[in-house]
Amino acid sequence: MGLLSLLWLAPVVGMVVILLAPRRWSRAIALLATLVSLGVALAIGVGFQTQSGGLQFVERAAWIPAFHIEYFLGVDGLSVALVLLTAVISVIGVIASWRIEEESHRSGTEKSYFFLYLLLVAGMLGFFIAQDLILFYVFFELTLLPMYFLIGYWGGPRREYAAIKFFLYTLFGSVFMLVAILALYFLSGPAGARTFAIPELAAKNLPVWVLNWLWLGFYLGFAIKVPIFPFHTWLPDAHVEAPTPISVILAGILLKMGTYGLARINLQVLGDASEGWWRFLAVLGVVNIIYGAFCAMAQLDMKKLVAYSSIGHMGFVLLGIAARTPEGVNGAIFQMVSHGLLSGMLFLIVGVVYVRAHHRFIVYPEDPALLQLYGVDPSKAGQKGFGGLATVMPVYTFLMAVAFFGSLGLPGLSGFVGEFLSLLGAWKTYPLYALVSVIGVVIGAAYFLWTIQRMFLGQPNPGGERLARRSSPRAAGVGSAGAPGGPAWGDAPLGAGPLAGNGLELGGRSGDVDPLGDAVSRREKPRWGRRPVSETSKVWRPFCRS
Amino acid sequence: MELSGTLLAIVLFAPLVAFLIQILLVGRWVRGPRVAGAVVSLLGVGVPFFLVLVGVVPHLFEPTAVLWVPQAPLRWIDLGPLSFQVGLMVDNTTKVLLFMVTLVCLMIHLFSVEYMKVRDGEPEPYYSRFFAYLSLFTFAMILLTLSDNLLTLFIGWELMGLCSYLLIGFYYERKSAQDAAIKAFLTTRVGDVLLLIGLAIVWASVGSLRLPEVAQGVQAGAIKGWLLTLAGLFLFAGAVGKSAQFPLHTWLPDAMEGPTPVSALIHAATMVAAGVYLAARMLQVGLFDERTLLVVAYVGGFTALFAASIALVQTDIKRVLAYSTVSQLGYMMLAVGVGNYTAALFHLLTHAFFKACLFLGSGSVIHALHEAFHRHHLHADAQDMRNMGGLRRRMPLTFGTFLIATLAISGIPLTAGFLSKDAILAGSLAYVLEHPQHLMLAVFGFIAAAMTAFYMFRLVFWTFAGTPGGRALGPEADAVRGALAEVRESSWVMTVPLAVLAFFALWIFWSLHPASEGWIAEVLSGAEGWLPEAAHRAEAHGHGPASVHLWTMVLSVGLALLGVLVAALFYLYRRWSTERFAQGQFARVLEAKYGLDALYDWAFVRNAHRLSQWSGRFDLRVIDGAVNGLAYLVVGARHSFTWVTGAIDRYVVDGAVNGVAWLLRQLGAGFRQLQTGYIQGYLLVVFSGLVALAFLISAAFR
């Protein structure tokens, strides 16, 4: 068994062990399994020959010979980047899930949570290394099921709606993709010489009109996943309702499956499709950038803002891929990795305030239904949700600033490299679109700075001092760690990637920190250095604590 | 000392190390006295200054440029055949700029040690953080200066923007400071993204962003015609944003919300001058063609006049200086535009010294007033010149150095400002003689010169002359007068930097002859070793005949003296009154800054918010509404379907039809599965569909 099989089988083994082991071991097993995958991914990254093109670490065996379906794994520069990203984010996700039971009020569900989590990880890792279309499709669909349950069971108030929307929407798109896959198979040659292998399909010369139809089929599948305007509305809902670690996975990796697919299939296999399609993709990239930025600016919920900013940032990936220049494609890959890390960090940052304050509203919405849904006191409508966090939580603020400035493309942090290269590449092919897209860059800076102003600057809200002062340095330190650095790597070096950390400590402290504004529920919980509140002591509570 | 790569690397990275030490260690794990942070930062800029002094300055008159690219070219972003190589470069321009940057930074760091100690009577809580930001800024500015390529230049450029944002918003509890910080970042960002497009054009045409290669590429004709103009205009747009030129100048006066040393360092001496530096470099490598240069000249000339006119009516001491900075940067752009980059860089250098001196001088005054007002529990504005007056006796050192710098900015002989401003005006006059249709360029310059002298001496008379608090208004006026009588001169930590900077505002350092440019022109216009020969053609513009110089001198000095005289008649001797002017329409227009701030606020800020609200609603109602609507339609269809089957079941059913109805109902139930969220159902559908499809297609293609 090669490294690549080990990579995706490690989480599968973890799943089996979780089923057999006691419940309280689940998270440790999940951590171990993802760490093994990370180790394997690092080994692949180190062993990867950057100078030679083509697939490496290839594993190939017949799977269903009757239909020429193969178990065919391999990585090239594009895959390696995303495999490493996935492995890193998976580990972070487990750590962020450490207290998932308390945070989502689902006690005794660790086992199923981490089981599904590992299934998700296996699907994602497999997807990025599959070189056979059926395998590719199976892994693509494999991620749907665990994601559906992870959102639908451990999520927020509207979790069921969001989960079904996510599931059906993605399924809808993948049906078109499946048709295209089968068509590609049957058109790949006379009976007996047909294949599902991606590298071999890429070498075929198909007529342009065929390519065009296939392009559309794959496009619909991936466009919903990315998501590309106008198929993007599942994303804000899914992000907002998903628990923090799942939002991290969703934004960090799942969205990249769409753009990876566009690069892998639409560009590599169907690259000779009509120019019109690429122009179309570039236009939608620009729309994503600008529309995503404007929508993000309008959001009152911080998590929704981050979700819309993801839509905007994926636009640069689309623009880079559509440009089909070395700068553009590399910029797109870089942007995928960079956004994976940055958006993960952003969601963790949102998660920190949510765990402590039990709400995420930059400004409380006016809509009474929405307020009721999130259990907010209706008298707060239209008021500021947070203020002066920089005074209360300085270290957290620093980490937030790293993530925000990275996202708005400040040189020295990773967001810049992706945007810069994508723009450079796009200028060569579509100068006008490149020019228009910079509007989104300015608006992107505007909403991030505006958010900083409204949440972090100024005077703390009444009661805000209680929020975090005492625990902030430690808690925010684990909350997310920014690590800009510049190791050159492969064809798309990591210029600087803030690596997200997690909220392990935070989860543990969620119960004992007074909420900033209003508590949805005040749970009594054992805390470090204090006697647990047992059943008997409840009698005395009136004297202990008001 | 040898001018080596190691030396340059230390010069470059020392402030960065200082920044990292401060941000990671000081105050968190290392507990020490409060000045520890300041000491780290002082070392972070002191070491580079010392190294520049012993390692770079002695090489000033060696014409060759030193290019330092690491042994294996440092390929930062490596795309196989295409890669972005980065390295450091030291030519004559860089040498003098390095000297200026490190010296001014050092002086301002020193000044801040005292200035930043107290905030509203309490010890400054973020003392160390302030110095950390200053160190990061120093690093970014040195990076920009030393870069041999446009990529790292742009990185330094943006990092400076970040520091500017952080330091303008340093007093982040204040709404006005927050707003000003955002305004500064976003306004310059507009220029920056256009600059990015400019870089994309250069990269796409020349295939490199290294300055020597770009110069060669441009000369070989890799980029020409309108594309060259377009590239030049985009690159210039970046400079317009950073150097606060019209129409992107509105952020700089607001940036005065930051602490005064920040205004001196970032918003007067270094960062805002980076735009001029970029423009001069672009002129050197040939990316600015005739058309672009004309735009540069007009934007610069117009800004010089425009900003000077607003400065005439300001009452906040720092805002006067801010508009004066915009105006002086306009002069430099004018010089670049007429092809005289030597004069532009010369003025950049002298301006850095005397404007830093002016800002620090005003800082010294503000600091003293703040303390006095605080002691008397007054809420009077310590930056309003109406609350000043008669300070020359109370603060003689500040007054003396301030006066020297004021003479320099006004272009009075025996100052550095006279030399450099004269060079610019002579250049523009020579240009106008060659191209009479562009007469306005010279007119802008000369009128602005008179205005500069006027508003600067107005400032000096209001602040230092007259009786203390003579112009104070409001209920606290008497108390202000009392407080002013107790104002004391600042400590040596603040006056030494003033004295050093004032020395460089005098002519003697720049030239022994008080009316000719001296060594600096020789150094700046010396052949840059890395440029192709023909690139020096641009320089030919700069030097008109000697008679032009003479006329310029007579005109500019005459106009400056006229400005001083008028200011004296208005404000010192009070022969004339400004009342009628102050009540006129024109004064109102000037006080509203020609309405541009309000216009931008409406056109961009509010409309952006409106557009975002609209997008948000559109997304929620139209797009998401369509998705949900579609879902309801499907669900509804299913319901009606089952209703129909139900009706059939009830009314039409007979024994014979029973079977059909049953079948339909089963179908309905089957469809219902689609919506129930049972995964098995979905997977079943998917895979059975897959199999069916496979058979269908294989049959079709057989």
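The predicted model scores ipTM 0.84 and pTM 0.85. For chain B the mean pLDDT is 84, and 86% of the residues of this chain reach 70 or more. Where pLDDT is low, the predicted coordinates should not be read in detail.

Chain A contains 25 helices and two strands, and 62% of its 546 residues are buried. When contacts in chain A between residues at least 6 apart in sequence are considered, 77% of them join residues at least 24 apart. Chain B, with 702 residues, of which 54% are buried, contains 27 helices and six strands. The corresponding figure for chain B, again among contacts between residues at least 6 apart in sequence, is 80% joining residues at least 24 apart.

The two strands of chain A, β1(A) (residues 56-64) and β2(A), pair in the antiparallel sense over six bridges. Four residues lie between the strands of the hairpin, in which A:H68 takes a positive phi near 55°. Strand β2(A), which covers residues 69-75, is largely enclosed by the rest of the structure, because five of its seven residues are buried.

Although A:G192 and A:A66 are 126 residues apart in sequence, their C-alpha atoms are 9.1 Å apart in space.

In chain B, helix α4(B) (residues 127-146) provides a check on helix geometry, because its 20 residues, at 1.5 Å a residue, should span 28 Å, and the 29 Å between its end C-alpha atoms agrees with that expectation. This helix is mostly covered, as 20 of its 20 residues are buried.

The largest nonpolar core comprises 443 residues, and the members that touch the most other members are A:V83, B:V104, B:V276, B:A356 and B:A505. The greatest contribution to this core comes from helix α14 (residues 341-375) of chain B, which gives 21 residues. The surroundings of B:V104 can be described individually: apart from neighbours within four places in sequence, this valine is in contact with B:L265, B:A269, B:T270, B:A352, B:F353 and B:A356.

The contact between the chains takes 49 residues from chain A and 46 residues from chain B. On the side of chain B that touches chain A, the elements that give two or more residues are β2 (74-79), α5 (150-168), α6 (175-206), α25 (596-652) and α27 (679-701) of chain B. Of these elements, α6(B) gives the most, with 14 residues. By residue class, the side of chain B that touches chain A divides into 30 nonpolar, nine polar and seven charged residues.

Definitions and conventions. Residues numbered from 1 in each chain as written. Chains lettered and ligands numbered in written order. Predicted model: local features only at pLDDT ≥ 70, side-chain atom pairs only at ≥ 80, totals over all residues. Buried ≥ 20, exposed ≤ 12 C-beta atoms within 10 Å, placed from the backbone. Contact = placed C-beta atoms within 7 Å. Expected span 1.5 Å × (residues − 1). Nonpolar A, V, L, I, M, F, W, Y, C, P; charged D, E, K, R; others polar. Core = buried A, V, L, I, M, F, W, Y, C linked by C-beta atoms within 7 Å. pLDDT = per-residue confidence, 0-100. Pairing = 2+ DSSP bridges.
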